[in-house]
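Good morning, and thank you for coming.

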Amino acid sequence: MILSGWETVFFWVFSIAAIFAGLLTVMARNTIHSALFLISSLVSIAALFILLHAEFIAGVQILVYVGGVMVLFLSVIMLVNVGSEERGSEEIFNRPRQVTTSVIFCALLIAGLIYAVNEGYRGFEKRDVDKIQMAAAARQNREQALDQSATGASRMTSDTQSLGGSLYRYGSLPFEIASVLLLVAIVGSVMLARTLKQEAAVDDVDPDVLQKEVALDPELAEVQSEPTA
Amino acid sequence: MLLFQEVTSGRLATAWEKAQHPDLSKFLIIGALLFIIGVAGVLTRRNIIVIFMSIELILNAANLNFIAMSRYLQDTGNVNAIAGQIFAVFVIVVAAAEAAIGLGIVIALYRNKETIWVDEIDILKW
(Lines give C-alpha, C1' and ligand atoms only; values in the text may rest on other atoms or scores of the structure.)
Protein backbone atom coordinates (compact mmCIF):
# COMPACT_ATOMS: atom_id res chain seq x y z
CA MET A 1 0.00 0.00 0.00
CA ILE A 2 2.03 2.92 -1.26
CA LEU A 3 0.24 6.08 -2.27
CA SER A 4 1.51 8.33 -5.04
CA GLY A 5 0.57 11.41 -7.07
CA TRP A 6 -2.61 13.20 -5.98
CA GLU A 7 -3.27 10.56 -3.33
CA THR A 8 -0.17 11.82 -1.51
CA VAL A 9 -1.46 15.41 -1.56
CA PHE A 10 -4.85 14.34 -0.22
CA PHE A 11 -3.20 12.16 2.40
CA TRP A 12 -1.15 15.04 3.83
CA VAL A 13 -4.00 17.56 3.63
CA PHE A 14 -6.50 15.32 5.41
CA SER A 15 -4.11 13.90 7.99
CA ILE A 16 -2.87 17.36 9.01
CA ALA A 17 -6.48 18.60 9.09
CA ALA A 18 -7.49 15.64 11.29
CA ILE A 19 -4.65 16.25 13.75
CA PHE A 20 -5.19 20.02 13.96
CA ALA A 21 -8.94 19.62 14.40
CA GLY A 22 -8.26 17.02 17.09
CA LEU A 23 -5.91 19.38 18.93
CA LEU A 24 -8.46 22.20 18.74
CA THR A 25 -11.17 19.84 20.06
CA VAL A 26 -9.12 19.38 23.18
CA MET A 27 -8.09 23.03 23.52
CA ALA A 28 -11.20 25.02 22.55
CA ARG A 29 -12.78 26.98 25.39
CA ASN A 30 -16.33 26.84 24.01
CA THR A 31 -17.79 23.31 24.16
CA ILE A 32 -19.83 23.85 20.98
CA HIS A 33 -16.58 24.77 19.17
CA SER A 34 -15.04 21.56 20.51
CA ALA A 35 -17.91 19.55 19.05
CA LEU A 36 -17.65 21.27 15.66
CA PHE A 37 -13.86 20.71 15.54
CA LEU A 38 -14.45 17.05 16.39
CA ILE A 39 -16.88 16.84 13.45
CA SER A 40 -14.23 18.19 11.06
CA SER A 41 -11.67 15.77 12.49
CA LEU A 42 -14.06 12.85 11.93
CA VAL A 43 -14.78 13.95 8.35
CA SER A 44 -11.03 14.17 7.62
CA ILE A 45 -10.58 10.66 9.00
CA ALA A 46 -13.43 9.50 6.76
CA ALA A 47 -11.49 10.96 3.80
CA LEU A 48 -8.44 8.95 4.92
CA PHE A 49 -10.65 5.84 4.93
CA ILE A 50 -11.55 6.55 1.29
CA LEU A 51 -7.82 6.80 0.48
CA LEU A 52 -7.46 3.36 2.09
CA HIS A 53 -10.19 1.96 -0.22
CA ALA A 54 -12.66 1.49 2.66
CA GLU A 55 -15.51 3.48 1.11
CA PHE A 56 -18.24 1.76 3.10
CA ILE A 57 -16.61 2.50 6.46
CA ALA A 58 -16.12 6.12 5.39
CA GLY A 59 -19.84 6.43 4.63
CA VAL A 60 -20.80 4.74 7.90
CA GLN A 61 -18.40 7.02 9.77
CA ILE A 62 -20.07 10.15 8.39
CA LEU A 63 -23.62 8.81 8.82
CA VAL A 64 -23.22 7.43 12.34
CA TYR A 65 -20.68 9.80 13.88
CA VAL A 66 -21.45 13.13 12.25
CA GLY A 67 -25.14 12.47 11.67
CA GLY A 68 -25.92 10.64 14.90
CA VAL A 69 -23.41 10.81 17.73
CA MET A 70 -22.35 14.44 17.24
CA VAL A 71 -25.97 15.64 17.01
CA LEU A 72 -26.55 13.86 20.34
CA PHE A 73 -23.48 15.64 21.78
CA LEU A 74 -24.65 19.04 20.55
CA SER A 75 -28.13 18.62 22.04
CA VAL A 76 -26.68 17.54 25.38
CA ILE A 77 -24.40 20.60 25.38
CA MET A 78 -27.51 22.73 24.95
CA LEU A 79 -29.22 20.94 27.88
CA VAL A 80 -26.44 21.58 30.38
CA ASN A 81 -25.26 25.01 31.38
CA VAL A 82 -21.72 25.73 30.18
CA GLY A 83 -21.98 29.53 30.31
CA SER A 84 -19.34 30.02 33.01
CA GLU A 85 -16.79 28.21 30.85
CA GLU A 86 -17.47 30.38 27.81
CA ARG A 87 -17.28 33.61 29.77
CA GLY A 88 -13.82 32.60 30.97
CA SER A 89 -14.59 32.63 34.68
CA GLU A 90 -13.84 28.88 34.96
CA GLU A 91 -10.55 27.14 34.31
CA ILE A 92 -10.96 24.66 31.41
CA PHE A 93 -7.96 22.47 32.30
CA ASN A 94 -7.11 20.65 35.52
CA ARG A 95 -4.57 22.04 37.98
CA PRO A 96 -1.17 22.91 36.42
CA ARG A 97 0.64 20.04 38.10
CA GLN A 98 -1.78 17.47 36.69
CA VAL A 99 -1.58 19.02 33.22
CA THR A 100 2.24 19.03 33.26
CA THR A 101 2.38 15.40 34.34
CA SER A 102 -0.08 14.23 31.71
CA VAL A 103 1.61 16.22 28.92
CA ILE A 104 4.99 14.68 29.83
CA PHE A 105 3.35 11.24 29.89
CA CYS A 106 1.81 11.85 26.45
CA ALA A 107 5.12 13.10 25.01
CA LEU A 108 6.88 9.93 26.20
CA LEU A 109 4.06 7.80 24.78
CA ILE A 110 4.24 9.51 21.38
CA ALA A 111 8.03 9.14 21.19
CA GLY A 112 7.74 5.46 22.05
CA LEU A 113 4.93 4.83 19.57
CA ILE A 114 6.65 6.57 16.65
CA TYR A 115 9.87 4.67 17.33
CA ALA A 116 7.99 1.37 17.59
CA VAL A 117 5.97 1.99 14.40
CA ASN A 118 9.07 2.88 12.37
CA GLU A 119 11.09 -0.05 13.65
CA GLY A 120 8.23 -2.48 13.24
CA TYR A 121 7.37 -1.32 9.75
CA ARG A 122 10.97 -1.78 8.61
CA GLY A 123 10.71 -5.41 9.67
CA PHE A 124 7.37 -5.76 7.86
CA GLU A 125 8.82 -4.32 4.65
CA LYS A 126 11.77 -6.69 4.70
CA ARG A 127 9.56 -9.71 5.32
CA ASP A 128 6.79 -8.97 2.80
CA VAL A 129 8.70 -7.47 -0.13
CA ASP A 130 8.05 -10.37 -2.55
CA LYS A 131 4.46 -10.87 -1.44
CA ILE A 132 3.65 -7.17 -1.94
CA GLN A 133 4.94 -7.19 -5.52
CA MET A 134 3.04 -10.35 -6.41
CA ALA A 135 -0.18 -9.17 -4.74
CA ALA A 136 0.09 -5.74 -6.41
CA ALA A 137 0.16 -7.36 -9.85
CA ALA A 138 -2.79 -9.59 -8.95
CA ARG A 139 -4.70 -6.62 -7.60
CA GLN A 140 -4.11 -4.60 -10.75
CA ASN A 141 -5.52 -7.44 -12.84
CA ARG A 142 -8.58 -7.65 -10.62
CA GLU A 143 -9.12 -3.87 -10.80
CA GLN A 144 -8.91 -3.91 -14.59
CA ALA A 145 -11.76 -6.40 -14.59
CA LEU A 146 -14.07 -4.11 -12.58
CA ASP A 147 -16.92 -2.16 -14.22
CA GLN A 148 -16.34 1.44 -15.31
CA SER A 149 -18.22 4.11 -13.39
CA ALA A 150 -20.72 6.34 -15.22
CA THR A 151 -18.24 9.17 -15.81
CA GLY A 152 -15.48 6.80 -16.86
CA ALA A 153 -13.04 8.53 -14.50
CA SER A 154 -12.74 5.57 -12.15
CA ARG A 155 -13.87 2.02 -11.66
CA MET A 156 -16.58 0.74 -9.33
CA THR A 157 -15.06 -0.90 -6.29
CA SER A 158 -16.16 -4.21 -4.86
CA ASP A 159 -15.15 -3.20 -1.32
CA THR A 160 -18.69 -2.86 0.06
CA GLN A 161 -19.67 -6.17 -1.49
CA SER A 162 -16.78 -8.08 0.07
CA LEU A 163 -17.24 -6.35 3.44
CA GLY A 164 -20.94 -7.20 3.52
CA GLY A 165 -20.25 -10.79 2.49
CA SER A 166 -17.64 -11.29 5.22
CA LEU A 167 -19.73 -9.46 7.82
CA TYR A 168 -22.63 -11.86 7.43
CA ARG A 169 -20.51 -14.94 6.79
CA TYR A 170 -17.95 -14.69 9.61
CA GLY A 171 -19.35 -12.00 11.89
CA SER A 172 -23.07 -12.75 12.03
CA LEU A 173 -23.09 -13.68 15.73
CA PRO A 174 -21.21 -10.51 16.83
CA PHE A 175 -23.54 -8.59 14.50
CA GLU A 176 -26.61 -9.87 16.37
CA ILE A 177 -24.94 -9.20 19.72
CA ALA A 178 -24.20 -5.64 18.57
CA SER A 179 -27.89 -5.09 17.82
CA VAL A 180 -28.80 -6.27 21.34
CA LEU A 181 -26.10 -3.94 22.71
CA LEU A 182 -27.65 -0.99 20.87
CA LEU A 183 -31.10 -1.91 22.21
CA VAL A 184 -29.71 -2.03 25.76
CA ALA A 185 -28.02 1.34 25.19
CA ILE A 186 -31.29 2.94 24.04
CA VAL A 187 -33.27 1.56 27.00
CA GLY A 188 -30.46 2.45 29.40
CA SER A 189 -30.14 6.04 28.27
CA VAL A 190 -33.93 6.53 28.49
CA MET A 191 -33.82 5.10 32.03
CA LEU A 192 -30.89 7.29 33.05
CA ALA A 193 -32.31 10.53 31.71
CA ARG A 194 -35.67 10.31 33.55
CA THR A 195 -36.50 12.84 36.25
CA LEU A 196 -37.72 11.83 39.69
CA LYS A 197 -41.19 13.03 38.72
CA GLN A 198 -41.24 10.77 35.67
CA GLU A 199 -40.02 7.87 37.78
CA ALA A 200 -42.72 8.51 40.37
CA ALA A 201 -45.36 8.68 37.64
CA VAL A 202 -44.67 5.10 36.57
CA ASP A 203 -44.30 3.95 40.20
CA ASP A 204 -40.59 3.12 39.81
CA VAL A 205 -39.22 4.66 43.04
CA ASP A 206 -38.44 2.97 46.36
CA PRO A 207 -41.37 3.79 48.72
CA ASP A 208 -39.06 5.00 51.52
CA VAL A 209 -37.15 7.32 49.18
CA LEU A 210 -40.42 8.59 47.73
CA GLN A 211 -41.80 9.46 51.19
CA LYS A 212 -38.68 11.51 51.97
CA GLU A 213 -38.84 13.30 48.62
CA VAL A 214 -42.57 14.05 48.97
CA ALA A 215 -41.78 15.80 52.25
CA LEU A 216 -39.43 18.11 50.31
CA ASP A 217 -41.56 18.56 47.20
CA PRO A 218 -45.37 18.14 47.63
CA GLU A 219 -45.91 18.15 43.85
CA LEU A 220 -44.49 14.62 43.69
CA ALA A 221 -47.45 13.19 45.65
CA GLU A 222 -49.89 14.60 43.09
CA VAL A 223 -47.95 13.03 40.24
CA GLN A 224 -48.03 9.70 41.96
CA SER A 225 -51.74 9.76 42.76
CA GLU A 226 -52.62 10.45 39.13
CA PRO A 227 -53.58 7.27 37.28
CA THR A 228 -50.91 6.45 34.71
CA ALA A 229 -52.17 6.64 31.18
CA MET B 1 25.63 25.82 -1.33
CA LEU B 2 27.70 22.92 -0.10
CA LEU B 3 25.44 22.68 2.96
CA PHE B 4 22.40 22.69 0.71
CA GLN B 5 23.81 19.84 -1.37
CA GLU B 6 24.65 17.89 1.72
CA VAL B 7 21.15 18.37 3.09
CA THR B 8 19.40 17.47 -0.14
CA SER B 9 21.48 14.36 -0.64
CA GLY B 10 21.38 13.33 3.01
CA ARG B 11 18.68 12.21 5.39
CA LEU B 12 16.38 15.10 4.53
CA ALA B 13 16.28 13.99 0.92
CA THR B 14 15.29 10.45 1.88
CA ALA B 15 12.67 11.87 4.25
CA TRP B 16 11.25 13.99 1.40
CA GLU B 17 11.31 10.97 -0.88
CA LYS B 18 9.39 8.96 1.73
CA ALA B 19 6.91 11.78 2.34
CA GLN B 20 5.97 11.69 -1.33
CA HIS B 21 4.96 8.06 -1.06
CA PRO B 22 3.09 7.57 2.22
CA ASP B 23 2.87 3.92 3.28
CA LEU B 24 1.40 1.96 6.16
CA SER B 25 3.74 3.48 8.75
CA LYS B 26 2.49 7.03 8.00
CA PHE B 27 -1.12 5.99 8.61
CA LEU B 28 -0.12 4.26 11.84
CA ILE B 29 1.71 7.39 13.02
CA ILE B 30 -1.33 9.57 12.25
CA GLY B 31 -3.41 7.09 14.25
CA ALA B 32 -0.94 7.23 17.13
CA LEU B 33 -0.98 11.05 17.14
CA LEU B 34 -4.79 11.17 17.23
CA PHE B 35 -4.78 8.59 20.04
CA ILE B 36 -2.34 10.68 22.10
CA ILE B 37 -4.39 13.84 21.53
CA GLY B 38 -7.42 11.95 22.83
CA VAL B 39 -5.51 10.67 25.88
CA ALA B 40 -4.26 14.19 26.61
CA GLY B 41 -7.84 15.48 26.40
CA VAL B 42 -9.12 12.85 28.83
CA LEU B 43 -6.30 13.56 31.29
CA THR B 44 -6.32 17.37 31.22
CA ARG B 45 -9.86 18.68 30.60
CA ARG B 46 -12.37 19.41 33.38
CA ASN B 47 -15.50 19.41 31.20
CA ILE B 48 -17.06 15.91 31.17
CA ILE B 49 -18.57 16.40 27.69
CA VAL B 50 -15.17 17.24 26.19
CA ILE B 51 -13.77 14.14 27.91
CA PHE B 52 -16.41 12.08 26.09
CA MET B 53 -15.42 13.74 22.81
CA SER B 54 -11.78 12.82 23.47
CA ILE B 55 -12.85 9.21 23.95
CA GLU B 56 -14.51 9.34 20.51
CA LEU B 57 -11.20 10.61 19.13
CA ILE B 58 -9.36 7.65 20.71
CA LEU B 59 -11.82 5.16 19.21
CA ASN B 60 -11.40 6.79 15.80
CA ALA B 61 -7.61 6.51 16.02
CA ALA B 62 -8.08 2.79 16.68
CA ASN B 63 -10.38 2.59 13.64
CA LEU B 64 -7.79 4.27 11.43
CA ASN B 65 -5.22 1.69 12.53
CA PHE B 66 -7.65 -1.18 11.85
CA ILE B 67 -8.42 0.09 8.33
CA ALA B 68 -4.77 0.79 7.47
CA MET B 69 -3.69 -2.67 8.61
CA SER B 70 -6.60 -4.23 6.73
CA ARG B 71 -5.47 -2.50 3.52
CA TYR B 72 -1.86 -3.53 4.03
CA LEU B 73 -2.87 -7.16 4.55
CA GLN B 74 -5.07 -7.02 1.44
CA ASP B 75 -1.99 -5.92 -0.50
CA THR B 76 0.04 -8.81 0.83
CA GLY B 77 -2.67 -11.19 -0.34
CA ASN B 78 -4.06 -12.17 3.07
CA VAL B 79 -7.51 -13.74 2.60
CA ASN B 80 -8.81 -12.61 5.99
CA ALA B 81 -7.72 -8.99 5.57
CA ILE B 82 -11.31 -7.71 5.43
CA ALA B 83 -11.65 -8.62 9.15
CA GLY B 84 -10.08 -5.24 9.97
CA GLN B 85 -12.98 -3.43 8.34
CA ILE B 86 -15.51 -5.64 10.15
CA PHE B 87 -13.84 -4.73 13.41
CA ALA B 88 -14.07 -1.05 12.51
CA VAL B 89 -17.84 -1.43 12.02
CA PHE B 90 -18.15 -2.92 15.50
CA VAL B 91 -15.99 -0.18 17.00
CA ILE B 92 -18.37 2.39 15.51
CA VAL B 93 -21.36 0.50 16.99
CA VAL B 94 -19.76 0.37 20.44
CA ALA B 95 -18.86 4.08 20.21
CA ALA B 96 -22.48 4.97 19.43
CA ALA B 97 -23.77 2.90 22.37
CA GLU B 98 -21.12 4.43 24.65
CA ALA B 99 -22.08 7.97 23.62
CA ALA B 100 -25.79 7.31 24.27
CA ILE B 101 -25.19 5.85 27.75
CA GLY B 102 -22.50 8.38 28.67
CA LEU B 103 -24.60 11.38 27.74
CA GLY B 104 -27.55 9.88 29.65
CA ILE B 105 -25.28 9.74 32.70
CA VAL B 106 -24.17 13.35 32.09
CA ILE B 107 -27.78 14.53 32.06
CA ALA B 108 -28.66 12.57 35.22
CA LEU B 109 -25.52 13.92 36.90
CA TYR B 110 -26.26 17.49 35.89
CA ARG B 111 -29.80 17.17 37.27
CA ASN B 112 -28.50 16.03 40.66
CA LYS B 113 -25.23 17.95 41.06
CA GLU B 114 -25.72 21.00 38.80
CA THR B 115 -22.16 20.69 37.49
CA ILE B 116 -20.23 19.28 34.53
CA TRP B 117 -16.76 19.77 36.07
CA VAL B 118 -15.23 16.40 36.83
CA ASP B 119 -13.29 17.71 39.85
CA GLU B 120 -16.56 18.75 41.51
CA ILE B 121 -18.17 15.35 41.00
CA ASP B 122 -16.83 13.66 44.14
CA ILE B 123 -19.87 11.90 45.65
CA LEU B 124 -17.99 8.59 45.75
CA LYS B 125 -15.01 10.13 47.55
CA TRP B 126 -14.68 8.97 51.15
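I shall describe each chain, and then the places where the chains meet.

This is a predicted model, in which local features need pLDDT of at least 70 and side-chain atom pairs count only at pLDDT 80 or more, while totals for chains, interfaces and linings use all residues. Residues are numbered from 1 along each chain as its sequence is written, and chains are lettered from A and ligands numbered from 1 in the order in which they are written.

Let me start with chain A. It has ten helices and zero strands; helices (H or I, at least four residues) and strands (E, at least two) are DSSP runs, numbered from the N terminus. The C-alpha atoms of chain A fill a box of roughly 80 × 50 × 35 Å along the principal axes. Its radius of gyration is 26 Å, whereas a compact globule of 229 residues would have one near 17 Å. That radius is taken over C-alpha atoms, and the globule rule is 2.2 Å times the number of residues to the power 0.38.

Of the 229 residues of chain A, 17% count as buried. A residue is buried if 20 or more other C-beta atoms lie within 10 Å of its own, exposed if 12 or fewer, and partly exposed in between, with C-beta atoms placed from the backbone. Consider Gln161(A), in helix 6 (residues 159–170) of chain A. Is Gln161(A) buried or exposed? Gln161(A) counts as exposed, because it has 11 C-beta neighbours inside 10 Å. Gln161(A) and Phe56(A) are 105 residues apart in sequence, yet their C-alpha atoms are 9.3 Å apart in space.

We turn to chain B, which has five helices and zero strands. Chain B has a radius of gyration of 21 Å, well over the 14 Å that the globule rule gives for 126 residues, so it is more spread out than a compact globule. Buried residues make up 49% of its 126 residues.

How do the chains meet? In total, 61 residues of chain B are in contact with 78 residues of chain A; two residues are in contact if their C-beta atoms, placed from the backbone, lie within 7 Å. Helix 5 of chain B gives the largest share of the side that touches chain A, with 21 residues. That side of chain B divides into 41 nonpolar, twelve polar and eight charged residues. Here Ala, Val, Leu, Ile, Met, Phe, Trp, Tyr, Cys and Pro count as nonpolar, Asp, Glu, Lys and Arg as charged, and the others, Gly among them, as polar.

Two helix pairs deserve attention. The axes of helix 1 (residues 6–27) of chain A and helix 3 of chain B come within 9 Å and cross at roughly 5 degrees. Axes are lines fitted to C-alpha atoms, for helices over the stretch in contact, and angles run from 0 to 180 degrees between N-to-C directions. These two helices are therefore roughly parallel to each other; angles under 35 degrees count as roughly parallel, over 145 as roughly antiparallel, 65 to 115 as roughly perpendicular and the rest as oblique. Their contact divides into nine nonpolar, four polar and no charged residues. Helix 3 of chain B is mostly covered, with 17 of its 21 residues buried.

In the second pair, the axes of helix 3 (residues 55–79) of chain A and helix 4 of chain B come within 12 Å and cross at roughly 175 degrees. These helices are therefore roughly antiparallel to each other. Among the residues meeting there are Phe73(A) and Met53(B).
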